[in-house]
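Here is a short briefing on one protein chain. Look at the fold as a whole before the details.

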Amino acid sequence: MEPDALREIYRKAKQQGYGFFANNIADTNTLIGLLKGYSEKKSDLIIQISPGAAAFAGDGDKLVGLRILSYTVRELARNYPIRVFINLDHFTVAEMELIKVAIEEELVASIMIDASAESFEENVRISRTVKEMAEPMGILIEAELGKIKGVEDEISSDEAFLTDPDEAVEFVQRSRADLLAISVGTEHGVSKGKDITLRTDIAKAIDQSLIASGLDIPLVLHGTSGLLPEQITEMISYGICKLNKDTHYQYVYGQAAHDFYLSHTSSIVPPNTIMKQTIAADHIFKTSDWSPCKDYFDPRVVSKVVRERIKETAMELIEQVGSAGKSLFDSTGGTR
Ligand SMILES: [Zn+2]
């Protein structure tokens, strides 16, 4: 991971008025689909790992999962002509040990420390602590001020607390966060852009206040899956450089698998009469007259369909934030 390159990527994006979706993964299918889509669009790629995704990948062991996902991203990314970065998404004080290892082993380029549920003072203190831990490695820190409504992974909030622009300045000054996640009306999980009151005025005020204080840092928007393209464009114009994307790809994944299995049911599921005798795979394979078709039940087949659908979705979404064609990859060896 090259945190300096990530810093440069955000700096350029903010300067030139485009952004990046930061995409959550928990397995290789989503990752490979993203790598393919982003490469084709010549956009650099930000991958996110949440504590829940780390637990999933590590069969309950978050550290094992974090290492697996980090190495997987790094190894697969070697074959694609773009820069790829990993961010830890919504890590809290409960994951301090994991954060420490992620820094020591340089598993990531940036870390979101989410202490937004704590008081302002505690949020400053915790965010600053992580910043100081990460600084020797140059790893970037994203902190959050305000609360984003909804449920994502292991984080949930019933109510939204919008970010105060003046507090944002003090918060960034004291925490020394490199990126600031703001709460301006978006929601985690499934939400509909048409029903959301997006406080673009607050985003604008936060950005302007920070710039006026000499803190021209990239802002982050969570809960963007339901936002309309025009809402995204507007937010980018107010200093949002990183837009988190998780739920959207989860849905695409589920829909792709659903469509695939539904259109090949008869090749996988036995007819009702046999089904009634027994559903034991052993029986179906050895004694039944009916046979399933490996061309369809092999998990690699549905996985390829999922990867392709993720790739197509990524290619569409990249156009919304304007990162296409902006990759800073240098074929002479400038990336990893
Ligand atoms: Zn989030």
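The points below go from the whole chain to the barrel, and then to single helices.

This is a predicted model, in which local features need pLDDT of at least 70 and side-chain atom pairs count only at pLDDT 80 or more, while totals for chains, interfaces and linings use all residues. Residues are numbered from 1 along each chain as its sequence is written. The chain holds 15 helices and ten strands. Both are DSSP runs, numbered from the N terminus: helices are H or I with at least four residues, strands are E with at least two.

**The whole chain**

- The C-alpha trace spans about 75 × 45 × 40 Å along its principal axes.
- Buried residues make up 43% of the 336 residues. A residue is buried if 20 or more other C-beta atoms lie within 10 Å of its own, exposed if 12 or fewer, and partly exposed in between; C-beta atoms are placed from the backbone.
- Of the contacts with a separation of 6 or more, 71% join residues 24 or more positions apart. Two residues are in contact if their C-beta atoms, placed from the backbone, lie within 7 Å.

**The barrel**

- Eight strands form a closed barrel with parallel pairing, in the order β1-β2-β3-β4-β5-β8-β9-β10. Two strands pair if DSSP finds at least two bridges between them.
- Neighbouring strands of this sheet are turned by 30° against each other on average, direction ignored. Axes are lines fitted to C-alpha atoms, for helices over the stretch in contact, and angles run from 0 to 180 degrees between N-to-C directions.
- Helix α6 packs on the sheet and touches β4 (110–113) and β5; its direction makes about 175° with that of β5.

- In β1 (residues 20–24), five of the five residues are buried.
- Phe20, Ala22 and Asn24 point one way from β1, while Phe21 and Asn23 point the other way. In a regular strand the side chains alternate between the two faces of the sheet.
- β1 pairs with β10 in the parallel sense over four bridges. Phe20 has Lys242 of β10 as its bridge partner.
- β1 also pairs with β2 (residues 45–49) in the parallel sense, over three bridges. Here Ala22 stands opposite Ile46.
- From β1 the chain crosses through helix α2 (residues 28–40) to β2, a right-handed β-α-β crossover. Right-handed means that, with the strands pointing away from the viewer, the path from the first strand over the helix to the second runs clockwise.

- In α7 (residues 165–175), Ala168, Phe171, Val172 and Ser175 are buried. They cover an arc of only 95° around the axis, so they lie on the same side of α7. The arc is that of the directions from the helix axis to the C-beta atoms.
- The buried residues of α7 pack against α6 (120–134), β5 (140–145), β8 (179–182) and α8.
- In α9 (residues 229–237), the buried residues are Gln231, Ile232, Met235 and Ile236. Their arc is only 135°, which puts them on the same side of α9.
- Just after α9, Gly239 takes a positive phi of about 95°.
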